[in-house]
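Have the viewer open as you read.

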Amino acid sequence: MAKEPIDTSSISFTALYTGHCWAANGLSAEPFRTRLGAFYYHSLSPFEAVGKKLFGGNIRTFLLQRHHLIDHLVRNAIEQEGVTQVLEIACGLTPRGYRFTREYPQLDYLEADLPDMAERKEKLLAELPDRSDRLRVMPINAFAEEGELSVEHVAGTLDPEKPVLVITEGLVNYFDLETISGFWKHMRSVLQRFPKAIYLTDNYPLYHDHPFYRTMTVLRRMLGSVSRSRVTFHFGSDDEATEYMQGLGYDAVRVHNPRDYYDRLPIPHSRGNPFVRIIEARVV
Ligand SMILES: C[S@@+](CC[C@H](N)C(=O)[O-])C[C@H]1O[C@@H](n2cnc3c(N)ncnc32)[C@H](O)[C@@H]1O
């Protein structure tokens with residue numbers, strides 16, 4: 001019998017908040033809005049306004065930066081590198097699979113999340129008359145080492161002869177580095193079986209000299225306590241992130257700073273150095 005993976009379902013409610021954020025900012029479709037998501041989103045509005053004024057950026061700033069930047073990198077992989085299959089782990093209520101399968105007729109998109117969230121997503125997608133049959137949803141647990149919920153099993157339903165792109169957005173910083181590294185290592189061994197694999201994830205480094213170091217530390221504790229998880233900033237710099245992922249065996253690693261895309265993408269600007277990064281780690 002498969003070993004029980006850790007239960008991280010206390011994090012799932014955060015997908016309602018981010019799902020509403022994408023919908024409220026024109027990146028989604030009506031069914032992705034939930035009443036609870038709207039409630040969380042609007043409850044935080046006063047704090048968001050204060051954050052924007054005091055710090056020149058807030059949660060919505062980095063959520064939109066990460067979402068647009070991941071979209072951009074996925075688009076590049078499809079258009080310039082011929083990627084035709086995407087696996088999005090911890091998909092929550094993201095509209096990305098829905099948007100991209102409508103835009104790219106050659107694309108197969110597999111969304112995966114914990115069983116309850118996967119079921120919820122499947123029901124939601126069933127309400128969309130223009131949902132593509134190339135968009136599938138499967139249950140997964142990023143920490144399952146074997147069995148039906150494992151990355152190995154889910155990725156096993158993809159075409160092993162073709163390149164693959166894997167995304168995690170809004171997942172990795174809910175775990176300490178040791179825990180999430182278990183997932184990163186396991187995933188790397190699975191990705192090795194494809195002719196080429198690109199992994200994209202958002203990550204929140206915390207520079208020790210960052211002007212909002214203390215504020216971010218408070219935010220981390222608050223989010224950790226409401227989601228009952230070990231929210232952690234993993235790296236002190238982009239170089240540290242690159243070296244770490246290479247140390248886990250990823251072949252080519254790049255860290256993308258939203259600031260370098262201000263002239264190309266419709267993303268909000270941060271005052272100073274943005275707080276979020278997108279790590280692109282390849283297995284070739
Ligand atoms: C902050 S939400 C992000 C959702 C979506 N990616 C987005 O950006 O809107 C975190 C997601 O991680 C999922 N999650 C939590 N633990 C997980 C695990 N062990 N394996 C896979 N997904 C998990 C939750 O169910 C939730 O959908």
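## Ground rules

This is a predicted model, in which local features need pLDDT of at least 70 and side-chain atom pairs count only at pLDDT 80 or more, while totals for chains, interfaces and linings use all residues. Residue numbers start from 1 along each chain as its sequence is written.

## Overall fold

The protein chain has ten helices and seven strands; these are DSSP runs numbered from the N terminus, with helices being H or I of at least four residues and strands being E of at least two. Its C-alpha trace spans about 50 × 45 × 45 Å along the principal axes.

Of the 284 residues, 40% count as buried. A residue is buried if 20 or more other C-beta atoms lie within 10 Å of its own, exposed if 12 or fewer, and partly exposed in between, with C-beta atoms placed from the backbone.

## Strand S7 and its partners

Which strands pair with S7? Strand S5 (residues 197-203) runs antiparallel to S7 and is joined to it by seven bridges, with alanine 197 opposite valine 283. S6 also pairs with S7 in the antiparallel sense, over five bridges, and here valine 253 has alanine 281 as its bridge partner. Pairing requires that DSSP finds at least two bridges between the strands.

Six of the seven residues of S7 are buried, so this strand is largely enclosed by the rest of the structure.

## Around the ligand

The ligand is surrounded by 23 residues, and the closest are Ala15, Thr18, Ala90, Gly92 and Gly170.

## Two loop residues

Alanine 90 lies in the loop between strand S1 (85-89) and helix H5 (96-103). Its phi is near 65°, a positive value in a residue other than glycine. Most residues other than glycine have a negative phi. Is alanine 90 buried or exposed? Alanine 90 is buried, because 25 other C-beta atoms lie within 10 Å.

Arginine 264 sits in the loop between strand S6 (252-256) and strand S7 (277-283). Arginine 264 is exposed, because 10 other C-beta atoms lie within 10 Å. Its C-alpha atom is separated by 9.5 Å from that of histidine 72, 192 residues apart along the chain.

Definitions and conventions: A residue is near a molecule or strand if its C-beta atom, placed from the backbone, lies within 6 Å of it.
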